[in-house]
Amino acid sequence: MAFQHVYSHAAAPAVEERPTFDMKHGERSFELNGVKDVGALEVQSPNLEFQLLKCNNVDGRYRVDFEPRGEEHEVDVKYNGKHLEGSPFQLKPAGKPSLDVQSDSKSFLVNGAFNQDALNVQGSNGVAYDVYANREVPGQYRVDFFPQGNGEHQFDVTYNGEHIKGSPFQVKPMAALPAPVMSMSPDSKVMSLKHVPQAKDKLKIDSTAVYQVFEDKQDPNVAHVLFKPEQDVHHVKASYNGKEIEGANFYLAPQAMHKQMEKVQKEAASRDAVEELGNSV
C-alpha cells in the first residue's frame with residue numbers, strides 16, 4: 001500500500017519558564033521567584049550597591065536589597081541574557097532614615113537604614129542596649145535599652161555620620177528588675193520564670209532535653225519553658241542576661257520515671273493510711 005504525504009505539523013516549541021520579580025518595602029528591595037539557575041540571573045545598574053539574598057531556603061526565591069541615593073538609577077534584571085518582564089526600571093534616591101521613639105517604651109525603631117555599616121547607635125551614662133535587625137523589613141532595626149542608675153541617658157543615632165532626625169534624645173532611668181524567679185509545674189514539664197522581659201532574646205537554656213520557650217501573653221515579664229524529656233535524665237541550666245538563674249540548675253527525669261515515682265508515692269501514702277487506721281483500732 002502506498003501512502004502519499006498530505007501535510008506536516010511541527011511540535012510547538014517548549015515555553016521557557018521565566019522568573020518574576022515583585023517590588024517590596026517602598027522600592028528598596030524586590031523579590032525574585034522561579035530562579036532555577038542563579039548563575040543565569042543578572043542584576044545590573046551603574047553606581048548602585050545591592051545584595052542578593054536567598055529567602056528562607058525556599059527554592060528559586062531570592063531577595064535583592066539596595067540603597068539608591070544621589071540620583072535616579074536604571075536597573076536591569078536579566079535571566080539567560082534576556083530582560084524579565086518589568087525590566088529595566090527606574091529607582092529614585094532613598095530618603096533619609098527616621099526614628100520611632102515611644103515615650104513609655106524601652107525600645108525604639110530605626111527605619112530606612114539600608115546600609116548597616118552606615119548606622120551608628122551610641123548610648124551615654126552607662127546605658128545597656130541591644131540592636132536587632134528586622135529580617136523581614138530591610139533597613140529596619142529595633143534598639144532595646146535598659147536605663148538604670150542615676151541621671152538621664154542620651155542616645156545618639158547617626159547614619160553616614162549625620163544625626164537622624166530626632167537624635168539625640170533623652171531617656172529616663174528605670175528601676176532595676178528583681179532577680180528572675182523560677183518555679184516548676186507538678187509534673188516537671190513546665191518551668192515558669194518571672195522578671196524575664198524579652199525572654200526569647202535574653203533567656204538561654206542549656207539542656208539535652210527537647211524544649212520550647214513561650215512568652216506569657218498576659219505578662220511580658222513572664223516566660224514558660226516546656227520540656228519534653230525522653231528516656232534519659234537531662235541536665236537543665238538556665239541563665240538570663242548572661243547570669244545563672246537561682247534554682248535553674250537541676251536534673252530533669254523522663255516522664256516514665258515521674259510516673260513510677262508517682263506510683264511509689266501513692267503506694268507509700270496508702271500503706272501509711274492503712275497503718276494509721278490499724279493503730280487507731
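I call a residue buried under 20% relative accessible area, exposed over 50%, and partly exposed in between (1.4 Å probe, protein chains only). The model is predicted: local features need pLDDT of at least 70, side-chain atom pairs count only at pLDDT 80 or more, and totals for chains, interfaces and linings use all residues. Residues are numbered from 1 along each chain as its sequence is written, and side-chain values use heavy atoms, with hydrogens and water left out.

**Entry 1: salt bridges**

I searched the whole structure for salt bridges (a side-chain nitrogen of Lys or Arg within 4 Å of a carboxyl oxygen of Asp or Glu) and found four.

I looked up aspartate 130 and lysine 202, whose side chains meet in a salt bridge at 2.6 Å, N to O. Aspartate 130 lies in strand 12 and lysine 202 in helix 1, so the pair ties together parts that are 72 residues apart in sequence. I took helices (H or I, at least four residues) and strands (E, at least two) as DSSP runs, numbered from the N terminus. Lysine 202 is buried at 7%, whereas aspartate 130 is partly exposed at 29%.

**Entry 2: arginine 142**

Which residues are linked with Arg142 in a network of salt bridges? I noted Asp144 and Asp201. The N to O distance is 2.8 Å for aspartate 144 and 3.2 Å for aspartate 201. Arginine 142 lies in strand 13 and aspartate 201 in helix 1, so this pair ties together parts that are 59 residues apart in sequence. I found aspartate 144 buried at 1% relative accessibility and aspartate 201 partly exposed at 42%.
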